[in-house]
Amino acid sequence: MTLVERTTEKPQLVERDDESDVYPDDRRWVVDCVQRIRGDLAPVATELTEIPLPPRLNGLRLYVKREADQPSGSHKHRLAAALLVHALVSGWLTRGRPVVEASSGSTAISEAWYCQRLGIPFYAVVPDNTSREKKAAIAELGGTVVPVSGDIVAYARRVANRYGGHFLDQFSYAERAYDWRGDEGLGPELLRAVPDLDWFVMGAGTGGTATSVARHARYTGSELRVCVPDPEHSAYFDGWYWRDPTITDRGSHIEGIGRPRVEASFVPSTVNRMIRVHDAASVATMRVLHERREWGISPGPSTGTGVFAAIRVLLGMRDQEQSGSVATVLCDAASRYTNEYYNDQWLADQGIDYQPWLPTIRNFFATGDWTPPEPFLPVPRPLVTLWNM
């Protein structure tokens with residue numbers, strides 16, 4: 001399909017008082033797309049892998065939800081389906097209009113997967129330092145990659161306007177698009193598999209996934225609480241702590257999570273606990289998981305952030321002599337980060353020295369002991385407990 005740039009003319013005043021079909025309503029095409037997304041293209045129910053814990057943590061369990069097994073390779077497969085359905089039923093996306101997204105990679109890959117199968121042109125506006133593997137994956141699925149060095153959201157709006165497309169805007173609409181009332185989705189699957197699950201731990205890119213799980217738990221009467229780990233230089237932690245959505249920061253080095261501003265889809269009131277995680281600790285945890293081939297978890301860096309924070313939650317439960325279960329997510333696979341987070345020279349160029357954290361993570365899984373490297377002192381305990389939030 002050849003796309004033509006939009007021309008804009010100053011609208012004339014409407015003199016009539018009764019008009020129909022100002023907005024296109026290609027109902028048959030919309031219904032067909034929605035039925036396909038909910039049918040043969042629907043996200044799959046993924047398995048839980050239990051990571052064995054040492055005897056010192058008897059009574060505690062750690063699960064990883066294998067969202068990298070989704071057809072497009074990440075947990076963003078669910079978000080792509082939700083965003084497209086939301087746009088279709090809202091009348092924003094009609095036949096012939098391209099889809100535009102701002103994404104660090106995984107959401108764009110999943111949306112490109114759907115758009116290719118639905119016959120919809122797709123543009124992905126990505127940071128210019130997004131991994132080569134992710135950019136190649138978008139292109140292989142028929143998407144057009146637009147790398148930029150500035151604000152990807154502002155640029156995506158310009159691309160959508162230029163080509164008459166619809167900007168899906170995951171950062172604004174993720175929390176609205178997810179269906180948290182039904183019996184399908186990440187939250188329902190988790191609670192069916194582990195009905196007495198105590199904590200769900202997951203970093204926030206848009207914040208939509210964590211929000212949907214938290215809402216489903218509250219809606220169904222579950223006691224499940226949500227912990228969001230946040231990488232260095234993300235605005236979410238401070239925005240949540242100070243209840244100030246205007247807080248900004250430099251932006252995260254951990255691809256896929258953390259933002260330079262508090263996005264609209266991050267709903268702080270659904271988050272029970274947040275943990276700031278050093279980039280080096282995220283990468284070290286990712287590397288240790290990759291080493292343990294018997295677990296079958298070969299992750300990207302955001303999974304490292306999630307598992308690191310899950311360890312912190314487990315240690316807190318142990319210290320309080322609690323038993324129970326914690327779950328996090330295998331967001332995507334190591335194969336998307338071969339030239340970046342699994343490349344020591346690239347990490348050195350980014351100033352991420354993960355080596356001091358390796359003994360800490362390895363020793364935890366071997367013995368249950370927790371001995372952070374000396375330069376990383378424990379964060380001071382808050383004046384009030386976080387456990388009852």
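**Ground rules.** I number residues from 1 along each chain as its sequence is written, and my side-chain values use heavy atoms, with hydrogens and water left out. Since I work from a predicted model, local features need pLDDT of at least 70 and side-chain atom pairs count only at pLDDT 80 or more, while totals for chains, interfaces and linings use all residues.

**Entry: annotation.** I looked up the UniProt record, an unreviewed entry, and found the annotation "domain: Tryptophan synthase beta chain-like PALP" over residues 45–332. UniProt positions are given in the numbering used here, feature names are shortened, and annotations may be inferred rather than shown by experiment. Over residues 45–332 I noted 40% helix and 17% strand. The end C-alpha atoms of this stretch are 15 Å apart. Helices (H or I, at least four residues) and strands (E, at least two) are DSSP runs, numbered from the N terminus.

**Entry: strand 1.** Strand 1 spans residues 48–51. Which of its residues form the covered face? I found Thr49 and Ile51 there, with Leu48 and Glu50 on the uncovered face. Two strands pair if DSSP finds at least two bridges between them. Threonine 49, from the covered face, stands opposite valine 64 in strand 2.

**Entry: salt bridges.** I searched the whole structure and got 22 salt bridges. A salt bridge is a side-chain nitrogen of Lys or Arg within 4 Å of a carboxyl oxygen of Asp or Glu. For the partners I also read accessibility: buried means under 20% relative accessible area, exposed over 50%, partly exposed in between (1.4 Å probe, protein chains only).

Aspartate 25 forms a salt bridge with arginine 27, with the closest N and O atoms 2.7 Å apart. Aspartate 25 is partly exposed at 46%, and arginine 27 is exposed at 51%.

Glutamate 263 and arginine 261 meet through their side chains at 3.2 Å, N to O. Is glutamate 263 buried or exposed? I found glutamate 263 buried, with a relative accessible area of 8%, whereas arginine 261 is partly exposed at 26%.

Glutamate 294 bridges to arginine 292, and their closest N and O atoms are 2.7 Å apart. I noted glutamate 294 as exposed at 54% and arginine 292 as partly exposed at 30%.
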